[in-house]
Structures are given as C-alpha cells and as structure tokens.
Amino acid sequence: MTKQLTPYQKEALDYRSNISLTANAGSGKTFVLSKRFVEILVNEEIDIENIVAITFTDKAAGELNKKIAEEVEQQIKTETNKKTLRKLENVRSQLVSANISTIHSFCINILKEFAPEAGIDANFIPIDKSTADELLALAIEESLMHLIVNEDYKDSIKYLFRFFGSKNILVQKMEYAIEHRKTITQNLYELYNKNENDFLFHLQELVNKYFDYLFEGKINLAIGYSEDINKTVLTKNPENELALQILPLFKKIRKAKTISEKVNYLSSLSELMLTQQGKVKNRGYLSFSREKFDKEIDFIESLFNDIDQILKSDFREEVLKEYYLFGKHFIKVFDYILGNYSIKKQEKGYIDFEDILLLTQKIIKYDDVKEYLKSRYKYIMIDEYQDTNELQYQIFMPILDGLKEGNLFVVGDEKQSIYMFRDAELEIFTRTKEEISKAESDGKLLALPHNFRMSPQLVLFTNKLFEELFKDPNPNLNEVSYSQLVCTKSEDEKGSVEFLLVDDETKITEADIVASRIADLINNKIIEQGEIAILCRKRSMFAEIERALIKKNIKYNVVGGKGFYQQQSINDIYNYLTFLLNNDDDVALIGILRSPFYNVSDSKLFEISLEEGNSFFSKLRSYASKDENIRTIVNSLNEHQKLVLNSAIFTLIRRILRDRAYWSVISSKKNSEQEIANIKKLLSISREYYKKSFKNLYDFTSYLKNAIESIEDEGQAQISKETNNVKLLTIHQAKGLEFKAVFIYGCNESVRDDSIRSRSMGIDKEFGFPVKVFVDGNYFHGAVTPNVVSLYNFIKNKKNIAEIKRLLYVAVTRAKNYLFISARHNEFKFEKDSFLSLVQEGLKSDFNTDSIILSDNVEFMIQNENGFSFTKKSVQTEIKIIKEIEASPPIQQNEHKAESNKIYLLNKIEDIPTREFISATKISMFSQCPVKYELTYELGYPTILNMLKKFSGSQYDFNNKEDDELKKYSDLRGRIIHEVLKDSPDIKNMAQLINNYLEAENIVDAKIKDRLQINIRDSLANFYNSELYSEINSYSHYKNEYEIYAEEGENYLYGIIDRLIIEEDQLIIIDYKTDDIPKAEVNKRAEDYFKQLTFYAYVLSKYYKNHSKYVLQIIFIKHPNDVVKRNISKKELNEFNVILTNSIQNINNRNFQPNYNHCSQCHFALEGNKCIKPF
C-alpha cells in the first residue's frame, strides 16, 4: 500500500496559516516539511528564494534537501497536468539554490548582503572555534597585562585575581563569558548599570517572585500537614518537648512579613522536626501511627529537601552588596577584553560563531534591512524548534513583522529538548505557540501524535513510563507535559523491553553483559549487527564498551567519536612532519620509528642509541652502515626531507603514507574504516590550509601540535552508516535516528551537580553573575552563599532534572523493536535522578523481581483503502529483568580461516609484496611501457625527469594527486586548473580562486605570475563557456575529486576521478587534461589515457553493481568541444581484469619488458626513439 498523508499531516500542510506543529518521535515530520515546501512552490506564484527552511544541523539540512528532491521527482513521475509539470521541473532545476540550511548559514548569507550595515568587511571570513580561541587567548593575555597597570582598571583586576584565586581561573571565566556574551551584552549590561540600591531592589523582587511562585503554596500545605502531625503527637503525649517547641512556629511562619523572616522560622522547624538526613523524627517525636501519615510525611520531607539550601543561604544586605560589587568589577574587565577581541577580529576580517547571529540581529533592527527581508522571505519553516533560543527568535519574528506578514511554520517536540547546554530555551517554543494562537491570520497549534517507528510493546512501555514522569509539569522549570503515542504498527509486530542489571558484588561488568546479550542476538540470527545501537549519556563510557565488544569479536563503529586529533594515526603523521622540520627532534623520530611507518622494535632502538652521535638521527645514520633495513629507513627519510620545500602539505602527507604502506597497515586493524576515514579527514584539513595560503609546513605542524594538546572535542571522521556494524554513540548523536535494537548503557550514573561553588560563576539574564561571595575581603574563611544563588541553584537543578527526563525519552524512542536498559547497582539502590531511578519512579517497581507485567490500552492508527481508522486495543508485555547471563560465544564474522592441515613448501620462497596500493597511473604507465614504470617507480628517476621535463614540449597530464612522482608530467598550470575545477566556482569567483592558488606558490617574478594567471583564467573561461561544460553541469548527481578504493586480491586499487556523474543506468567518468597539444593530436593523445579511465570504471563496478553502462570521457581543457568518448561494457571490464592481474603480477615479479612502440613518446628514450635500458 502506498504511503498516504495521515489526517494530522494533511492539516499541517495548510501553508496559508501560521502553524506550530508538535511532532512526536517517529511521527514523519520531515515528510511533512518536504511536502509543505513543494506544495508552496507548486501552488503559489513565488520564487524558490522566497522560502526559508531552517534545520538544527548541516546534516539535517542535507537530508531535508534530499527529501524535497525525492518528493519533486515523485510528483514529476505522476503529474499529468503540463503546467504543473513545468513548474515541478523548474523547482527541480532550482533546488540547488534553495534556502535550506542551519540558522548560521542563513545569517551568513544575510550578512554578505548587508556587510556595511553590520560594520564588517564585505569579504569577511567566518572562523572556526580553534582560530577564535587562539585570537581570544591573545586578546585576554594582552588585556590583563595592560589593565593591571591601568589606573582605571587595576582595582578591578586585583579584585578578580583575589576572588578567583588564580589568573588561570580568571582567564577561563573570561573565555566562558565571551562565548556567552549575548546574555551579557543584551541583558546584564543594563542590569549592572543600575545603582546599588536599584540592583538590590531587583534582587529582592526576584527572590519574592520565585519564592512565592515555587514554594508558597507548598509551604502552606506542608505547615498544615506538620500541624496535624504535631497535634497527634501532643494528643498522645501533652508533655512532648519537641512538639511543644514546634507548636508556636506554625503561627510565626504564617505571620512572617518578609521572606527572610519566614526562612528563619522554617529553619527552626526543620531543625526540630527533621533528622539530619531530612526525615521526620521517630525517636522522641512521631514513634507511633506513622503509617497513618505516609502521604503527609513524604510531602514534608520532599519540600524541606527542596528548600534546604535556601534555608541555609545568607540573606544579609552586605552579602548582596558584595554580589553586586563582583558583577561590576567583572563586567568592566569583560567589556574591555571584548573590545580588544573585536578589534583583533576586525583587523583580519573575521567573525566568529557568536557574531553571526548577533550581527544579524543588529542589522534586522534597521528599517531598510527589515523591509527588504520581509519582501524577500515570505515563508519561514523551522525544524527542531524546541532547541531554538531568544536570539534566533529575535531574528525571525521581525522578518515576519511579528506574524503580521508572511507565514511561519515551526515544528518540534518539547519532550525532545535536550540542548540546554547550547543555550536552547524551551520557553521560546511556548512563547511562539502563544503568539501563533493569537495571530490575526488564524494561527493553528497542531500535533502529530502517531509513531511510525515503534512496536506496540514499546509504545505501551513509553506511554506508561513518561505519562508518570511528565505529570504535573511546571513550565517555569522547563517541565513538559506528555502526549500519548499512537501506534501505527501491526499488533503482530515483535517487540520487547529488557533490563540488564549487574550487581556491584559480581565480577561481570555491565559492558560484558551488554556485549554478551548482543552476541546472543546475532548468533541466534534475531537481528543483524548493523541494526543495533548502544546509546550512552557520556562519551567517557565508550572505552569499557569497546573492550567488551572486541572480546566478543563484535564489529562496531564509534559514531562521531571525539578526540580526532588525539588518535594515534594523527600523532604518527604529526611526528613525521615535526621530524622533517627538525631532524634533531629525537622524540618525533623515535615516535615514527616505533610507529607503523617503520615498525622498528624497542630492542633495535636501544642498539641504535648506543651509537656515536649528537642526535638520534645521527646515530641512526651511523647504524645504517651495518644494517640494510635501517639504511632503507634513512634513505626514505632523506627522500621525504627533499620534498619539504617544493611539495604542498597534503601532497607530502599522501606521499609519505603511500611510500611507507601506512594505508595497508591500518587497513588490517579491527577499526580500519574509522582509521582510514580519520586520515582522509586530516588530508582534507591540510588541503584547506593550502587553499588559505597556509602553505608553510611549520604553520601547519604548529597547528597540529596545538590541536593535539588542546582540541579534545573535535569529532572523528564520519564513516558510512550503511556498514553492518554495531553503532556506539551518545544519546545526543542518536537524536533523529532509529535502530531495530537499542541498548541504553550506564543507566545508574548520577547526574552532574551544576550548583555554584566557591570561585565558580554562572551567567543568567535575571540573576546576573551567580557567585558565592567573600564578605569584608576575607578570602581565606570560605565563601558564603547569597539567597539569590541558592534560588538560582534550585531552578537550575530542576531544569537539569527535567532535561534528564527528556534525554531518557529521546533514548527510549530510538528503538523500533527491542529495547535494553542496562545498569550496575548495589542491592538495587539507584543513584538519585539516574535513568534507572527515573524508570523506577515511572513504573513504580523496585526491580527486585524477575519481570514486570505492563498492560493498558494503546491507540492504533490503521491505514486502509479508504484512508485511516483509529481504534484502542489492549496491549500486554512482560519486561524481563536479567540479573545473570550465560556467556555467549564470540561472533563468527565469516572471515577466512586458515586450514589446519600442514602444507610443505619445497619451492624457493619469493618475496612478493602484498597489500600494496595500485593506482590508475601506475597501471596506465605500465601498459605504456613496463621499463618506463621500472625507471619511475622501482629505480626512482624523479630528478632526471624533472630536468628532462623542461625540454619536453609534449607533456602527459596524469593525475598528480595519485602519484607524486608524476609531478614532472604536470606543471603548475595543470595543477591549478585541476584545483579550480574541483571547487567548481562561479565564473565571477574564478579569478580570485586562481589568484589564491598562485599566491600560495610565492612566485617572485610578478610578470610571470600575471601571465600565468591570465593563461589559466582564459583556458578555464574557454571551457566554462563551452556547450560541453553546460552539458556536464546539467547532471544533478555528481562527485568531484572522487577518491575510490577497492580490494583486489592481496592489494588495494586506488584512484581519484576528476568528475563522476551518476545516472540511473550509467556512470560517466570524466578526466580533465591540461596538455598543451594541437587539436589534430587530441584523439591520438586520448588513447594513452583510456587505460587510466578503464581502471576507474573497473574499480567503480565493484560498488555500483546495478550499473551496466560506463561512459569514459577525456576532456582537453584547451579543446573543450573535441571531447573523446568511449563506452565500455561489463565484458570489456572483465577483460581488463585479466590485463590488471597480469600487470600486478609482472610488477610483483619485477618483470619489466620494454615496449619499443612507445619509445618515441617516452621521456627516457635516447636520441628520441631508443630505449634507455639495454636488453
């Protein structure tokens, strides 16, 4: 049955109304977003630029774009109306320019149009966090050095030094403040601009407001309960001393005129009535009939637990004055540092991540800018709206003139708001809902209650658990209400929930029991590895899980793992580059000798260390005279040393990796996919440095050193989600994903306490800078807690707990069929506010049983021929509580096993290299002439070739990125043309890009540089203006600079395709050539390159198995309209396999027979046509 819009989804497509759509987990909200986007374009006479779709991440933007494209294609296939069809085709052609992006990308585009109004350079550069951190550190250091001797600031600096106790802590707090400057500049400047009396009045109003709102009603109820208990005690014993002391406090609490007075009386009541553990006293007080007051006792104990820290806080005026004084000093120094930081960015034309939104908000206040944007953006759609904040709200609302113009569609789910640490403000969703409901244009508040993801058993579990956890929400504490999930799966769909609980007294670990359960699922063929995910709250849990998975031979991927720069492979490359810059760096040299680059043993390193020499490299060279292997290592290092001055950074790294077979080594590791992806990411980073003119190897190596030492949260490279491996990821990373089986790990981990401690600091738009203060300059007798800080801590803690509940909801709703919740425990005692304690609270179970039976009605939405019907059905499930598990055998990964029978090898043992990387250029050159290959690769004649190259008027342009030795066949012009074509810039931006590349080359002669720039520009302009270029660009699915790898026997095939076009039934492989040849020689020269393209087609055939047609195109940039094409069939690829196998075998056997027919074209040929190698 084809997918239909549900009644809820249909209503959400009403694009003439402002809509707030609350979308439950797995409800198909992306489907609605894509449908709505296309509906507007098809039915309204507007341009695609009039619609904006904002997503939370770049990845989500890409997925939405893909969904929209699929929706357009689907409608094109079924549309019969010619006018509508033309519209759809027009939409398809314009999608590449659609405004589908993150909020930051959207704002960057606005700033580019209004840079003067924003007060920034028209060619501003958005900088990454590492660059921003470097500039900020410099600005803070300079500022502190200046301010300490400045008469206007030195008192503030000294105060802050004494307050924080060290310069390092002050620097950290300033960095934190700059990162959160929007709250300071937009709220706290005004707050701390008040005089002392007004500021203290503000604090008093704040305390009154929140104390009354949060506690007054509960206090009155608790006092009533306490009176009842006290009366019972006195009835039993009229002489009870504690009861008599408590009795007058009730009246005093009720008649207290100030919060301070009431708090003092409540403190007295707490001391008399409760134990130190916060329990109503038994001995000497309520030692009888306690069961009669169970409900009342729980309420009293809960209230006093909540207000305990407030009762202990300091209400004195001098304490609040000190609180004010701290803020005045801090904001004064902050303002100076912010100004210095802004100047440094301005000097370089930089804007950082925070500037992007702040500057956009600033210019939208200008009437002309606002009017322009209002006329341009008619429809604004925002996804994941629960994670937005006030600054973003203040950007969108003015564009829509407060919903008086245009149309707003926001979609999100308050239950999935889990980004408070990124300043997400859940109250913005609530405020927007209120404004939409009051909007003049019939605003609608809609919901998508259905869930297309989860089995009935999981829907039942989710509804039961979170209906209890989310009951009686307090919106001011970010608590949310629950809406029941509607199940769309069949009643017969399999599903289950299990708890895996490990007692601390046992030897088995939580990770072991999880790995065993996964192995059991896979071995019994219940589920595939790739359908399983392990979700953790913290990344620090990964290591123990990885060890357990490895023991069970379970393949896994760490999704978006952090610590990219701390990976061993990155350290190995850093050590290699460091040594090439400084041959006396013994640490770097020993590091690469011990690494997979050379694999020198520690015992051998010790022997080398005994040699004479002032550095380890000199000792290594000395030892090389008596050890052939070491001599080879020294020669390799010397060869790479020669490349430092004349090679691009990424070319140098790639050459080192290839020469030392590093790819082969890491390919044999268990986590090889991740390792390879990480190295590719480093190559990409080095390439970006090159494009920014950071050609200097010293600069790049210094950057790497800093990154390894300080950038710990850089994500590892993404690898394909399609791998059939278990996924290990955080809950935050899992948001938006789904898996057949989900394990939620570490569910008895306690929640981090974010309360303000001595010498720590918060930033809050109402409370200012929450800190504990030192009264009368006494910095050695402990800080005191102002009442406002205790109140702030309470609110922050409650918001954190509310978010932990939502985080659990996100984790649970990732599962489609099987959910496993694991934890360690001590006699079934669970950490406060841990996931397991929340589950215990929601299910009202102590888990000290073998199972829990859940049953209730679940609403089903059933699709039929007439649409959808709704019915409630009873669902029951047994939740197993597993406390012990039999050890499952390791997974058999279908890897080839060695035969147990002995084989006697009587022939000579040949040293045949394996796991080599065979590139297209190697095979192409070998097919031209094996001797030419031998001279180039085996004997190494690059210097001779470079010399000969200067006198050769006919150069071959092979892909120099694949094999550095072939640089001699390609000059600077060819390399830059390839780089520009890779970037695919607009023709108007082409000249600037060419100039950037030429600047990186440091060409001394300005005339040569200018002529070269004109030559490259004219060549590319000629190509850009050709019919061929228009034809190439008409294809929507393509890849530039596409790197391909494939296993071939004992070796790896490798290549880089200039442009790959992917059609439904064919692949078009394009190779750009920059050879300077006359038009008459195009076809003849192309023949020499077709082996290279056939090699690409052969490698691609291993991945694109459903494609039967391959079109090879060789395009000479000088003659764009004389493209040489060749179609190649599967049969021809099979024939090429024989040629390839024979070539690799001959290379391995060092069988290099000359091809005399090629001598006339060979650079090595003597007298123009004689082979250089005698036979």
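**A walk through selected helices, strands and loops**

Leu170 is found in helix α9, which covers residues 167-179; helices here (H or I, at least four residues) and strands (E, at least two) are DSSP runs, numbered from the N terminus. The model is a predicted one, in which local features need pLDDT of at least 70 and side-chain atom pairs count only at pLDDT 80 or more, while totals for chains, interfaces and linings use all residues. Residues are numbered from 1 along each chain as its sequence is written, and side-chain values use heavy atoms, with hydrogens and water left out.

At 0% relative accessibility, Leu170 counts as buried, a word that stands for under 20% relative accessible area, with exposed meaning over 50% and partly exposed in between (1.4 Å probe, protein chains only). When its neighbours within four places in sequence are left aside, Leu170 is in contact with Leu144, Leu160, Phe161 and Phe164, where contact means heavy atoms within 4.5 Å. Ile140 stands 30 residues from Leu170 in sequence, and the two are 9.8 Å apart in space, C-alpha to C-alpha.

Another residue with 0% relative accessibility, and therefore counted as buried, is Ala1097, whose place is in helix α43, residues 1090-1101. Its contacts, again leaving aside neighbours within four places in sequence, are Ile1069, Tyr1110, Leu1112, Ile1128 and Leu1133. Between the C-alpha atoms of Ala1097 and Gly165, which are 932 residues apart along the chain, the separation is 66 Å.

A buried residue can also be found in a strand: Thr730 has its place in β14, residues 726-730, and counts as buried at 6% relative accessibility. Not counting residues up to four places away in sequence, Thr730 touches Cys536, Arg539 and Phe542.

The text now turns to whole helices. Helix α14, residues 294-312, has 19 residues and reaches 27 Å from its first C-alpha to its last, close to the 27 Å expected at 1.5 Å a residue; the expected span of a helix is 1.5 Å times one less than its number of residues. At Asp306, α14 bends by about 45°, the bend being the angle between axes fitted to the seven residues ending at a residue and the seven starting there. Asp306 is also one of the buried residues of α14, among them Glu296, Ile297, Ile300, Leu303, Phe304 and Ile307. The buried residues of this helix pack against α11 (196-236), α13 (259-273) and α33 (787-812).

Helix α38, residues 972-983, should span 16 Å with its 12 residues at 1.5 Å a residue, and its end C-alpha atoms are 17 Å apart, which agrees. This helix is mostly covered, since 10 of its 12 residues are buried, including Arg973, Gly974, Ile976, Ile977 and His978. After α38 comes Ser984, whose phi is positive, near 50°.

How two helices lie against each other can be described as well. Two packed helices are described by the angle between their axes and the distance between the axes. Helix α24 (residues 586-594) and helix α26 (residues 616-624) pack at an angle of about 45°, with their axes 9 Å apart; axes are lines fitted to C-alpha atoms, for helices over the stretch in contact, and angles run from 0 to 180 degrees between N-to-C directions. The helices α24 and α26 are therefore oblique to each other, given that angles under 35 degrees count as roughly parallel, over 145 as roughly antiparallel, 65 to 115 as roughly perpendicular and the rest as oblique. In this contact, Asp586, Leu589, Ile590 and Leu593 of α24 meet Phe616, Phe617 and Leu620 of α26.

The last stops are in loops. Arg759 lies in the loop between β15 (739-745) and α33, and its phi is near 70°, a positive value in a residue other than glycine. At 25% relative accessibility, Arg759 counts as partly exposed. Lys844, in the loop between α34 (835-843) and β17 (851-864), has a phi near 55°, which is likewise a positive value in a residue other than glycine, and Lys844 is exposed, with a relative accessible area of 62%. Most residues other than glycine have a negative phi.

Glu49 lies in the loop between α2 (29-43) and β2 (51-55) and is partly exposed, with a relative accessible area of 35%. Not counting residues up to four places away in sequence, Glu49 touches Asn99, Arg376 and Tyr377, while its C-alpha atom is separated by 15 Å from that of Ile103, 54 residues apart along the chain.
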